[in-house]
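The entries are kept in the order in which I looked things up.

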Amino acid sequence: MTKPPRKKTQPLLGDTEAPLRSRARKPRDPKQPILPFDPMPARVEPCLALLVSKPPKGPEWAYEVKWDGYRLAIHVEPHRVRVITRGGHDWTHRFPSIAKAAADLGGTMILDGEAVVLDEEGRSDFGALQQALGGRGGKRNAGVAMFLAFDLLYFDGHDLRKMDLHERRHMLETVIPHDADGAVRLSESIEADGDELFASACEHGLEGLVAKRLDAPYRSGRLGDWLKIKCVQSDSFFIVGYEPSVAALGGIGRLLLAAYQGNDLVYVGGVGTGFKERDTIRLRRDLDKIKTAKPTVDLKRKGAVWVQPTLIAEIEYRAWTHDGKLRHASYKGLREKQDNAAVYQMGSQRR
């Protein structure tokens with residue numbers, strides 16, 4: 001005896017051709033709070049590293065390479081990416097490859113990090129970055145630049161700044177893998193003996209280290225949660241004049257430099273090395289546009305050409321003399337106004 005045919009069964013979730021819909025079990029209680037997402041900040045003032053003479057010790061500290069480039073924040077949103085300088089200026093157009101790589105990450109986020117150009121040894125080269133951008137005020141796109149991310153401040157609707165650094169780093173490493181090799185990469189965080197790591201960094205020709213407290217939230221300003229330890233000193237100074245030379249590149253024999261002492265400017269010496277011919281010709285042209293009859297510092301120098309203190313030079317040096325002058329100074333390039341570079345304040349070498 002044959003069995004009767006079974007009734008045709010319906011798919012478990014109903015007609016697969018029709019869209020699935022659900023109904024609330026009961027109306028929402030109007031007294032029940034709605035948990036909103038955190039709005040993405042339009043801009044976050046960066047956390048800055050305080051200069052110290054030696055690495056801190058203890059398990060609460062992690063270390064990173066101190067990169068020599070431009071500090072940037074990348075704001076990634078569903079339909080746009082913004083690349084923001086430390087001074088709050090939009091430089092998306094100057095770093096198109098970085099913006100494209102950040103957009104490919106998807107989601108919404110704010111990444112904190114540094115734009116750099118690396119040399120053949122993997123060290124950041126500030127002069128090469130300046131050349132890639134076409135010099136100070138240049139219009140070139142820095143396609144060879146990459147962004148090394150070291151913090152995640154906002155992610156998928158949540159402001160992370162109150163979280164500890166080790167928690168933010170964990171989330172950052174889920175967004176950017178360790179083996180990423182595009183225009184957006186991860187700046188490695190290292191937990192090690194600070195003295196040994198610093199000695200190794202200097203031996204390999206790096207600028208230095210940044211030490212960060214793993215248990216600290218993200219706080220804007222220079223509050224001591226992040227510390228920088230430099231192998232070779234590098235700081236920003238005003239150019240207040242130059243000594244012309246018919247034999248030197250661009251006709252500049254020596255730049256005359258100044259730093260802040262309180263609200264005043266004081267002369268801190270000169271620099272006559274580190275120049276590249278094309279950059280120096282452009283620098284001479286820029287300086288001659290801002291000539292002034294009197295020096296803005298207390299200095300008499302026969303034959304010097306004085307200029308208004310508007311151009312900021314990044315200077316590498318070995319030490320200070322007892323009377324407050326730079327020793328073994330070398331010119332690295334001009335800082336961009338939009339970078340909001342902090343001109344050196346006398347007395348900070350003792351901090």
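The entries below begin with the basis of the model and then go through each topic in turn.

**Basis.** I worked from a predicted model, in which local features need pLDDT of at least 70 and side-chain atom pairs count only at pLDDT 80 or more, while totals for chains, interfaces and linings use all residues. Residues are numbered from 1 along each chain as its sequence is written, and side-chain values use heavy atoms, with hydrogens and water left out.

On a 1 Å grid over the protein atoms alone, a cavity is a set of points where a 1.4 Å probe fits but cannot get out, and a pocket is an open set with protein on both sides within 12 Å along at least five of seven lines; lining residues have an atom within 4 Å of a point. Grid points are joined across faces, edges and corners, and a volume is the space filled by probe spheres set on the points. Helices (H or I, at least four residues) and strands (E, at least two) are DSSP runs, numbered from the N terminus. For residue classes, Ala, Val, Leu, Ile, Met, Phe, Trp, Tyr, Cys and Pro count as nonpolar, Asp, Glu, Lys and Arg as charged, and the others, Gly among them, as polar.

**Largest pocket.** I found about 740 Å³ of space in the largest pocket. Its lining comprises 33 residues, with Ala49, Lys66, Arg86, Arg222 and Lys228 nearest the centre. The elements giving two or more residues to this lining are β2 (61-65), β9 (208-213), β10 (226-230) and β11 (233-244). By class, I recorded 12 nonpolar, 5 polar and 16 charged residues in the lining of the largest pocket.

**Second largest pocket.** Here the space is about 640 Å³. I noted 34 lining residues, and nearest the centre lie Asp68, Asp125, Phe126, Gly127 and Lys332. At least two lining residues come from each of α2 (126-132), β11, α5 (277-288) and β18 (330-334). Of the elements, β18 gives the most, with 5 residues. The lining of the second largest pocket divides into 10 nonpolar, 11 polar and 13 charged residues.

**Cavities.** I counted 2 cavities of 30 Å³ or more. The largest cavity holds about 90 Å³ of space. It is lined by 13 residues, of which Val44, Pro46, Leu72, Ala73 and Thr85 are the closest to its centre. Both β3 and β4 supply at least two residues of this lining, and β3 gives the most, with 4 residues. The classes in the lining of the largest cavity are 7 nonpolar, 2 polar and 4 charged.

**Aromatic pairs.** Rings of Phe, Tyr and Trp (its six-membered ring) pair if their centres lie within 6.5 Å; planes under 30 degrees apart count as stacked, over 60 as edge-to-face and the rest as tilted. Tyr70 and Trp91 are edge-to-face, because their ring centres are 5.2 Å apart and their planes stand at 90°. This pair links distant parts of the chain, 21 residues apart: Tyr70 is in strand β3 (residues 70-77), and Trp91 is in the loop between β4 (80-85) and α1 (96-103). For burial I used relative accessible area, with buried under 20%, exposed over 50% and partly exposed in between (1.4 Å probe, protein chains only). Tyr70 is buried at 0%, and Trp91 is buried at 3%.

I next looked up Phe275 and Tyr331, a tilted pair with 5.0 Å centre to centre and 35° between the planes. Phe275 lies in the loop between β13 (264-271) and α5, and Tyr331 in strand β18, 56 residues apart. Both residues are buried.

Which residues form one aromatic cluster with Tyr70? I recorded Trp91, Phe95 and Phe126 alongside Tyr70.

**Charges over rings.** A charge sits over a ring if NZ of Lys or CZ of Arg is within 6 Å of the ring centre and within 35 degrees of the ring normal. Arg94 lies over the face of Trp91, at 4.8 Å from the ring centre. Arg213 lies over the face of Trp61, at 5.5 Å from the ring centre.

**Sheet.** Two strands pair if DSSP finds at least two bridges between them. I noted an open sheet of 4 strands in the order β1-β10-β9-β2, with mixed pairing. β1 (50-51) and β2 stand at the edges with a single partner strand each, so one side of each is left without a neighbour in the sheet. β2 pairs with β9 in the antiparallel sense over 5 bridges, and Val65 stands opposite Leu209 in β9.
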